[in-house]
Amino acid sequence: MRPRGRLGSTITTGLAAVALVVAAGPPALAHNVVVDTEPAAEQRLAQPLEQVSVTFDDVVLDLSGGSTVLDVVGPGGMHHATGCPSVAGTSVAAPVALGRSGTYTVSWRIVSADGHPVSGSHTFEYAPSSDAAVSGGMPEPACARPEAAVETPADDPAPGVLVPLGVAAGTALAGGAAVLLALRLRTRKESDLPAR
């Protein structure tokens, strides 16, 4: 029969491993960040654009209810995005028709891969030739901005994140229970062996 000290050490090691798995949990989630824009921030353009786009480091969640917003506002506060944005993997794009010379602001709002809404903006300069076609723009955005559809408290995990967290915690607890059961069965078998 093995000494109780060694068995106690094995149980302690097993419990410590389970505690580490539970404490570590899943890897930390981070909000999407912009890795590229078209046109680039602060770029000076002379040619008209057909669309603007923003590319992120992770996939954009394309939720129902207009969770994705991409708009372009030019001189005089006129809106120059002519349609709703489309999502393709990590990129969001919207069609545009630019107007007169001046500074244009690209504003975006998306739902990150971690389930949280994030937003931002950048500007570019547009200086078309005198014979270029110009758009007067629109006084209102081409697409509605249902902000409430994507509001999530900053300190609370989004609903899409709760399920993976629950699965991870359940898996860790089940693994811990399996380790304890195996150790208990091993102890019982060793106690049934005749003493040497």
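How many disulfides does a search of the whole structure find? The search finds one. The model described here is predicted.

## Overall architecture

The chain holds two helices and eight strands.

Of the 196 residues of the chain, 30% count as buried. The accessible surface amounts to about 11,600 Å², and carbon and sulfur atoms account for 60% of that surface. Contacts between residues at least 6 apart in sequence were also sorted by separation: 68% of them join residues at least 24 apart.

## The disulfide

A disulfide is a covalent bond between the sulfur atoms of two cysteines. In this model the two cysteines are Cys84 and Cys143, with their sulfur atoms 1.7 Å apart. The link of Cys84 and Cys143 is left-handed, with -130 degrees about the S-S bond. It connects distant parts of the chain, the two cysteines being 59 residues apart. Cys84 sits in the loop between strand E4 (69-73) and strand E5 (86-88), while Cys143 sits in the loop between strand E8 (117-126) and helix H2 (159-192).

The two partners fall into separate accessibility classes. Cys84 has a relative accessible area of 51%, and therefore counts as exposed, the cut-off being over 50%. Cys143 has a relative accessible area of 17%, and so counts as buried, the cut-off being under 20%.

## The four-stranded sheet

Four strands make up an open sheet in the order E2-E8-E7-E4, and their pairing is mixed. Strand E2 (44-45) and E4 are the edge strands, each pairing on one side only.

E2 and E8 run parallel and are joined by two bridges. Within this pair, Leu45 has Tyr126 of E8 as its bridge partner.

## Two buried loop residues

Leu98 belongs to the loop between strand E6 (91-95) and strand E7 (102-111). Its relative accessibility is 5%, so Leu98 counts as buried. Leaving aside residues up to four places away in sequence, Leu98 touches Leu49, Val72, His80, Tyr104, Phe124, Tyr126, Ala133, Val134 and Ser135. One of these, Tyr126, is also the bridge partner of Leu45. The C-alpha atoms of Leu98 and Thr82 are separated by 9.6 Å, and the two residues lie 16 residues apart along the chain.

Thr68 is found in the loop between strand E3 (51-56) and E4. With a relative accessible area of 10%, Thr68 is likewise buried. Again not counting residues up to four places away in sequence, Thr68 touches Val60, Leu61, Asp62, Pro85, Val87, Val92, Arg109 and Ile110.

## Cavities

Two cavities of 30 Å³ or more are counted. The largest cavity has a volume of about 60 Å³. Its lining consists of 10 residues, and those nearest its centre are Val69, Leu70, Asp71, Pro141 and Cys143.

Notes:
Residues are numbered from 1 along each chain as its sequence is written. This is a predicted model: local features need pLDDT of at least 70, side-chain atom pairs count only at pLDDT 80 or more; totals for chains, interfaces and linings use all residues. Side-chain values use heavy atoms; hydrogens and water are left out. Buried means under 20% relative accessible area, exposed over 50%, partly exposed in between (1.4 Å probe, protein chains only). Contact means heavy atoms within 4.5 Å. Accessible areas come from the Shrake-Rupley method with a 1.4 Å probe; for residues, only the protein chains shown count as cover. A disulfide is a pair of cysteine sulfur atoms within 2.5 Å. Two strands pair if DSSP finds at least two bridges between them. On a 1 Å grid over the protein atoms alone, a cavity is a set of points where a 1.4 Å probe fits but cannot get out, and a pocket is an open set with protein on both sides within 12 Å along at least five of seven lines; lining residues have an atom within 4 Å of a point. Grid points are joined across faces, edges and corners, and a volume is the space filled by probe spheres set on the points.
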